[in-house]
Amino acid sequence: MTTLPTPSATDADAAGMTEIADMVETRGDAAAGGAATPSDVLAVLDAAATVTVLCHVHPDADTIGSGLALGLVLERRGVPVQVSFAEPAALPESMRTLPGTHLLAPPAQVRDGVDVVVTVDCGSAGRLGALADRLAGAGTTVVIDHHRSNTRFGRWNLVDESAESTTAVLARLFDHWGVEIDRDLAHCLYAGLVTDTGSFRWVRPGTHLLAERLLDTGIDGAAIARRLLDTHPFGWLPMLSAVLGSATLVPGAAGGRGLVYAVIRRRDVGDLRSEEIESVVDIVRTTSEAEIAAVLKESVNGTWSVSLRSKSDIDVSAVAARLGGGGHHAAAGYTAETSAETVVADLVDALG
Ligand code: AMP
Ligand code: MN
Ligand code: MN
């Protein structure tokens with residue numbers, strides 16, 4: 001195995017490769033390493049002969065855009081690289097035209113024992129699903145992310161909580177690396193930027209400068225946004241009708257600021273692909289009488305995946321963390337295994 005840099009400022013400093021692997025395995029989400037600088041991460045990647053890039057389960061355009069962009073850069077540098085996510089089995093239709101999908105490997109074919117595993121847009125090891133076991137087999141691990149709730153579960157953790165998207169963290173990393181952001185990379189990076197900013201609603205100084213740089217490569221920003229955000233099969237409309245028709249307002253929740261929630265059961269989804277339900281929360285959260293919005297999404301195995309949104313005051317990443325999940329200040333999520341009624345009752349409790 002290639003000799004890789006090790007963090008200098010952690011108690012793991014003297015650990016050999018096997019011990020590092022043990023540590024990742026036994027500590028799970030406990031801080032396995034410390035904060036990393038872009039230079040640290042580049043030193044690790046430059047020394048790697050083999051890399052695996054892992055995206056989060058039920059991937060969105062930020063994790064896939066990040067994974068494919070990093071994969072493409074490594075491939076161009078001659079490094080054998082696989083990009084993967086644990087579930088579902090297929091890449092969401094809306095992301096299939098992103099450059100770099102030839103790098104995607106089914107989870108069962110993801111090599112164990114590579115030099116470096118990089119996770120992108122994952123706040124915790126649990127977000128890797130069944131691929132979390134690849135962390136222990138790697139020579140070292142790098143976490144590149146922007147989640148407030150990030151548990152720093154990698155050996156090297158490049159986490160910028162102020163970044164709009166993980167693709168924005170990567171754009172800055174590519175600049176450090178001297179990588180030219182061409183049209184293909186820009187397409188991947190823009191996909192994460194336009195979706196994680198809610199079509200440039202949640203922005204900060206610099207967001208539009210990055211967008212401008214990416215657009216200047218010649219990508220079709222309108223087409224990318226339309227495909228990722230504004231394209232649904234006809235069956236999406238009756239699903240929305242059924243789900244929104246039973247939305248519930250709880251004005252007294254969250255100290256009187258209000259909760260609005262909707263429940264998506266399997267029967268509402270019918271033949272629709274699971275990714276078609278992800279946008280429901282964007283409609284529910286517009287309710288003016290509620291500071292908090294929640295959408296309960298029933299999984300095929302009967303558990304609930306809950307999306308939480310807040311308008312401004314309340315940090316839903318803290319609420320989600322209390323319920324076993326994580327996320328950002330205004331957008332977070334968790335999973336629950338109880339009945340829908342209990343999920344709602346527990347949420348109201350957690351909101352205080
Ligand atoms: P979603 O509602 O699925 O769009 O997710 C909103 C945010 O919460 C995203 O940043 C996710 O990464 C995070 N998130 C969603 N579900 C979970 C979970 N089960 N555990 C940790 N974070 C989650
Ligand atoms: Mn994501
Ligand atoms: Mn993200």
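How many Å separate an oxygen atom of ligand 1 from an N or O atom in the side chain of S307? The distance is 2.6 Å. Before going further, some housekeeping: this is a predicted model, where local features need pLDDT of at least 70 and side-chain atom pairs count only at pLDDT 80 or more, while totals for chains, interfaces and linings use all residues. Residues are numbered from 1 along each chain as its sequence is written, chains are lettered from A and ligands numbered from 1 in the order in which they are written, and side-chain values use heavy atoms, with hydrogens and water left out.

Back to ligand 1. R309 also puts a polar side-chain atom 2.9 Å from a ligand oxygen, and a polar backbone atom of G333 is 3.2 Å from an oxygen of ligand 1. For these polar contacts, the rule is a pair of N or O atoms within 3.5 Å; within protein, one must be able to donate a hydrogen and the other to accept it, and residues adjacent in sequence count only if both atoms are side-chain atoms. On its own, ligand 1 has 480 Å² of accessible area, and the protein covers 79% of that. Those areas come from the Shrake-Rupley method with a 1.4 Å probe, and for residues only the protein chains shown count as cover.

The shell around ligand 1 holds 14 residues, with H147, S307, R309, G326 and A332 the closest; a residue is near if one of its heavy atoms lies within 4 Å. Strands β10 (304-310), β11 (326-327) and β12 (331-336) each supply at least two shell residues, and β12 gives the most, with five. Helices (H or I, at least four residues) and strands (E, at least two) are DSSP runs, numbered from the N terminus. By class, the shell has three nonpolar, eight polar and three charged residues. Here Ala, Val, Leu, Ile, Met, Phe, Trp, Tyr, Cys and Pro count as nonpolar, Asp, Glu, Lys and Arg as charged, and the others, Gly among them, as polar.

Next, the metals. Which protein donors hold the manganese ion that is ligand 2? They are H56 (NE2), D60 (OD) and D121 (OD), at 2.0 to 2.3 Å, and their spacing in sequence is H-x3-D-x60-D. Donors are N, O and S atoms within 2.8 Å of the metal (3.2 Å for Na, K and Ca); water is not among the atoms, so sites may look incomplete.

The other manganese ion, ligand 3, has D62 (OD), D121 (OD), H146 (NE2) and D196 (OD) as protein donors, at 2.1 to 2.3 Å. Along the chain, the donors of ligand 3 follow D-x58-D-x24-H-x49-D. D121 bridges the two manganese ions, which lie 3.8 Å apart. D62 sits in helix α3 (residues 61-76) and D121 in the loop between β4 (116-120) and α4 (134-137), 59 residues apart.

Two backbone details to finish. E87 and P88 are joined by a cis peptide bond, with omega about 0°, and P88 is in the loop between β3 (81-84) and β4. H58 is not a glycine, yet has a positive phi of about 45°; H58 lies in the loop between β2 (51-54) and α3.
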